[in-house]
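Please find below a colleague's note on the model under review. It is set out as numbered points, to be read beside the coordinates.

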Amino acid sequence: MDKVVLSASARNRIGKKVKFLRREGKLPAILYGRSLEQPIPVTMDNAETSKVLRQISSSTLVTIDVDGEEHMTLVRDFQVDPIYGTLQHVDFLVVSMTEKVSTMITVQVEGSAPIIEAEGGLLVTGMEQIEIQALPQDLPSHLSVDVSGLEAFGDTLYVRDISLPPGVELLTDPDELLIVATAPQEEVIEVEVDEDAELAEGEEAPEGEAPEGDEADEDAGDEEAAE
């Protein structure tokens, strides 16, 4: 991917005052990191930033140009309006190109599992992201796992089965389950039985069950007369 650059301006409005920035189509954000003496609150164009963030991953280096001064960053967090789905705030971590950083990386499935192709069923995913560590410039956009070796139901892949690029260190437990091939489930049809349904004509009541209706009344009368 080409170098990703976003323009920003230092801002003085903080706290509740940022709502006026949002009304103007601006996005409040902040830059922080060990290389900075203190966090830098900035303002960015909301439309431009939203478009770029939809196209990148959490491991993509983003250059933030703050009034002519460039900072290499990673997107660490963002807030979205729950109703309108618009960006409300973004946190950028300023990184050093000589220091390793940790981040979560998406795991993508490659190939096809022979057992699933032949018999159906599902590939059940235990996790979709894992944590890795690397120099910022060595961070991959994603990691891939090959499922072509899953030849029987119950065959599994673990985090340790992922091939890591040079310079990338795994932080997630390598014994964590990643993918398992599962057999198709048989459909079970449940039939509801009306327990209160009347007995069909000509059928006798089960032994021990009290007769219903007039017959029950007559039997009761006979018993009283006998007493």
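1. Basis. The model is predicted, so local features need pLDDT of at least 70 and side-chain atom pairs count only at pLDDT 80 or more, while totals for chains, interfaces and linings use all residues. Residues are numbered from 1 along each chain as its sequence is written, and side-chain values use heavy atoms, with hydrogens and water left out.

2. Pairing around S1 and S3. Helices (H or I, at least four residues) and strands (E, at least two) are DSSP runs numbered from the N terminus, and two strands pair if DSSP finds at least two bridges between them. Strand S1 (residues 4-10) and strand S3 (residues 40-45) run antiparallel, joined by 3 bridges; Ser9 has Thr43 as its bridge partner in S3. Strand S2 (residues 26-32) is also antiparallel to S3, with 6 bridges, and here Leu27 is partnered by Met44.

3. Strand S4. S1 runs parallel to S4, and 5 bridges join them; Ser7 has Asp65 as its partner in S4. Asp65 in turn has Glu70 as its bridge partner in S5, where S4 and S5 pair in the antiparallel sense over 5 bridges. In S4 (residues 62-66), 4 of the 5 residues are buried, where buried means under 20% relative accessible area, exposed over 50%, and partly exposed in between (1.4 Å probe, protein chains only).

4. Asp67. What is the phi of Asp67? The value is near 50°, positive in a residue other than glycine. Most residues other than glycine have a negative phi. Asp67 belongs to the S4 and S5 hairpin, which has 2 residues between the strands. Asp67 counts as exposed because its relative accessibility is 56%.

5. Strand S10. S10 pairs with strand S7 (residues 101-110) in the parallel sense over 4 bridges, and Gln108 stands opposite Ser144 in S10. Over residues 143-146, S10 has a covered face made of Leu143 and Val145, and an uncovered face made of Ser144 and Asp146. In a regular strand the side chains alternate between the two faces of the sheet.

6. Gly126. This glycine lies in the loop between strand S8 (122-125) and strand S9 (129-134). Gly126 counts as partly exposed because its relative accessibility is 49%.

7. A pocket is an open set of points on a 1 Å grid over the protein atoms alone, where a 1.4 Å probe fits, with protein on both sides within 12 Å along at least five of seven lines; lining residues have an atom within 4 Å of a point. The second largest pocket holds about 270 Å³ of space, a volume being the space filled by probe spheres set on the grid points, which are joined across faces, edges and corners. Its lining has 14 residues, with Leu53, Arg54, Val75, Phe78 and Leu87 nearest its centre. Helix H2 (46-53) and strand S5 (69-80) are the elements that give two or more residues to this lining, and S5 gives the most, with 5.

8. Ring contacts. Which residue has its charged end over the ring of Tyr158? Arg160 does, at 4.4 Å from the ring centre, the criterion being NZ of Lys or CZ of Arg within 6 Å of the ring centre and within 35 degrees of the ring normal.
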